[in-house]
Amino acid sequence: MSVKSSEKQNLRQIFEAFEPTVHSCRILGQHGLESFKPPEDDPFGPTQSSKLVGMTLCALAYTMQPKSAINIFMDFFVEALFKNGLSDVPGSKEALYHLLIDNHPVILNEGAIYGLPERFQNAISRLRLTTGLKASGHPRNSQNLFASDVALIQGFLRWLIRNNSETYFTRSGAVARIAACLRCVGYMLGEVTVWDGAGSRPALHRTVVLVTGGSCETDNLMDENTFKSTSIDLITHYKWNTVGAMLWNSLLQDCGHFHTTLQEDFDNINDLVEHNLDFQWAYVNDRMEELQAFPLWGNPKFMTTPTSASIATIFFPESVDQISGLYQRISNNDKYLKAAKARKDPRHSTVKGPSKELQRFQTMTASICLAVLGRIGGPGFTTLQHSTTIDLSTMDHLKWLCGEVDAILSGGCGMSRVITALASIHCAMEFPVSIDLQTGEFQPGRTESEQSGSMVVGWRNGRYAILPNLLFSMDAPLQQSILDLRSEDRFIANLPTRKSGAICCPIGLPGAIGFSGDFVREAIPHEKKDLERQMLTEIETRPIILGPAFVKEPDKPLYVSLERPHIDTGDPEISLCGRLDGESLGNVGIQDMLITLALSWHQVDATLLKVCGPGHVHEKKRVPSDKLPAHIVFNMSPATFFRHPGVTPRCSSKEETMHHVYVQVKDSTPWTLFLAGQSAYHNRIVFGCPECAVNAGANVSSSTSNGLMTLIGYQ
């Protein structure tokens, strides 16, 4: 970007980039989350102007959606600081805009590597803005907050770029948060402070003062003509103990309740849900290509009344029996039911002049969604920091979120749908809702999984991420918690994401498995000592033994890592790659591994499978199926198995007795997961008894398999 000398001088008076220290960057690998020191480099480029672009965008995008941040940057900062330089080359401003639109994820990720999000959050926390201190009480403004915040932010930015030395007074908490973030990256601001309006006005050099009381003049550069301009999609960062404040702000209008009341509502609902609801991941519906979530309700102690049931029916029609008791705090007043029913009509999408009863109904309904999703977001979800763009000034976001939660509580909801719902309250995902331009009715938007041949397996937006717990446990002993989701509030660098934030894996990895009888000539019967045939086996590989299954460590270690799949779809995607002696054995899908694990642990009805212990003789009555018995198997090492990559061996003729293949990978999680991903339909993991493993899970098999399976001998 070309910057003239006069502009450089002006820029130095307004902005001087701070030099961030390189934080340890976290990557997700075989051993879980690991930290490494990225190479020392100039963050955002070597010039002052490139640093201004990168750091300013990071600061703005911490408090609003990236598109809004880019628009504000182009409208205010570029015009004021680079106007002459950009005018020298026709089309340069448009080129910069498109560059930021296309590359803003890279810019924001670089900021995360240098710890900018944590720096921003610490600066905002020091202001102690419990509720965000909305500007709805501004004496010059009778519009709703959504419009006024835009005008107030724009007024502050006019002051910032004019290099004024006087104090700037504002009544907008959004302005104070943006000012705190901009000061962090090098904008010449003396201080960002809070004043309650009592006593004399502070007179501090180039300081932003948030006024929380009194009647003094504020926001003197606000342009009232911008009230109806394009809105700014603000992002709220919150924790479980500030949900009430987040909901209070999301109403974007005067609220008839204290934020402490909303927090008490949430705490009450969350406590009831936490003690009565859990989730299990299983694979029951074989028409879906992903794990499904099933709610496990305890014995709820909360009471249900006809009024609370009627209220719950509005947004939770499928799970009303479980949800209705959570509205008990407002079930004694018919005004809440009346207000809720009035907004059920799709024509009443926008909430204009809401009543206290409607606002309480909205925030309690959102609290129910948060509490339920908190139970499926993984361990420690309630202790993490979250971000959201939820807007309760309309009913659209609430309708979509309730529809997702209702589906989740109905049972059998796919993991990709659960991840998308979680991303709306943890990763500041843009709510996928739209309005029919002809009817004006609300319509749920399509998800990433519905728009392509890929499956959503995670989400990341800056420091916030949602991933399968499996990816954090690729070298740990296998436990059923590996089926769960896990959320993070610290940046993970090696996760390729789409522009929406979705992390996707192609459907159909690694492809159909074939069957071959070529290996049978190498098999050595267990009861014979055929030295000549042993010598015919390949050097440095264990022989194939036909006999009872016996557990043995793998002959060679496998290294697994997250890599882009070999199938080029044109979009960023992930898969698990296995490497043996540095050579790739191929890529497997995330959901394929999870499905095989779930089928290996569960019975057909998703209840936990009780297996015979290692070394015990199988005594259970055999369940009728097309599966072959597993008392005699082909025992082989994984290195031998992968001499036929993608092929499950079988006997060469129908006259011969057919046997399953038992791959010996004792206690090796990398080998077990990679083999599990080869095919969820033909693979089972052995947790003690091969016969139990053959009959585990849904009786799903291919006609080409003739009842044969690959048994993965983990224990």
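How many bridges join strand β13 to strand β14, and in which sense do the two strands run?

Reply: This is a predicted model, and the part you ask about starts with strand β13 (residues 454–461) and strand β14 (residues 464–468), which run antiparallel and are joined by three bridges. Within that pairing, N461 has Y464 of β14 as its bridge partner. The two strands belong to an open sheet of four strands in the order β15-β14-β13-β16, with antiparallel pairing. At its edges stand β15 (485–488) and β16 (502–506), and because each has a single partner strand, one side of each is left without a neighbour in the sheet. Neighbouring strands of this sheet are turned against each other by 25° on average, with direction ignored. Helix α19 (residues 590–601) packs on the sheet, where the helix touches β13, β14 and β16, and the direction of α19 makes about 105° with that of β13.

L580 stands opposite E583 in β22, and the hairpin has two residues between its strands, with D581 taking a positive phi near 55°.

Another open sheet has three strands in the order β7-β8-β10, again with antiparallel pairing. Its edge strands are β7 (277–282) and β10 (413–414), each of which pairs on one side only. Between β7 and strand β8 (residues 292–297) the pairing is antiparallel and extends over six bridges, and one of the facing positions in it is L277, which stands opposite W297 in β8.

On the α9 side the contact is made by V243, G244, A245, L247 and W248, and on the α10 side by H259, L262, Q263 and F266.

Helix α6 (residues 116–125) and helix α8 (residues 173–184) pack at an angle of about 130°, with their axes 9 Å apart. Because of that angle, α6 is oblique to α8, and α6 passes α8 in a right-handed crossing. Here R119, F120, A123 and I124 of α6 meet R177, A180, C181 and C184 of α8. The residues of the contact of α6 with α8 divide into six nonpolar, no polar and two charged.

Last come the aromatic rings, where a pair requires ring centres within 6.5 Å, and by this rule the count comes to 14 aromatic pairs. Among them are F73 and F77, whose ring centres are 5.8 Å apart and whose planes stand at 15°, so the pair is stacked. Both residues lie in helix α3 (residues 66–81), and because F73 and F77 are four residues apart there, about one helical turn separates them.

Notes: Residues are numbered from 1 along each chain as its sequence is written. This is a predicted model: local features need pLDDT of at least 70, side-chain atom pairs count only at pLDDT 80 or more; totals for chains, interfaces and linings use all residues. Side-chain values use heavy atoms; hydrogens and water are left out. Two strands pair if DSSP finds at least two bridges between them. Axes are lines fitted to C-alpha atoms, for helices over the stretch in contact, and angles run from 0 to 180 degrees between N-to-C directions. Angles under 35 degrees count as roughly parallel, over 145 as roughly antiparallel, 65 to 115 as roughly perpendicular and the rest as oblique. A crossing is left-handed if the near helix is turned anticlockwise from the far one by less than a right angle, and right-handed if clockwise. Contact means heavy atoms within 4.5 Å. Ala, Val, Leu, Ile, Met, Phe, Trp, Tyr, Cys and Pro count as nonpolar, Asp, Glu, Lys and Arg as charged, and the others, Gly among them, as polar. Rings of Phe, Tyr and Trp (its six-membered ring) pair if their centres lie within 6.5 Å; planes under 30 degrees apart count as stacked, over 60 as edge-to-face and the rest as tilted.
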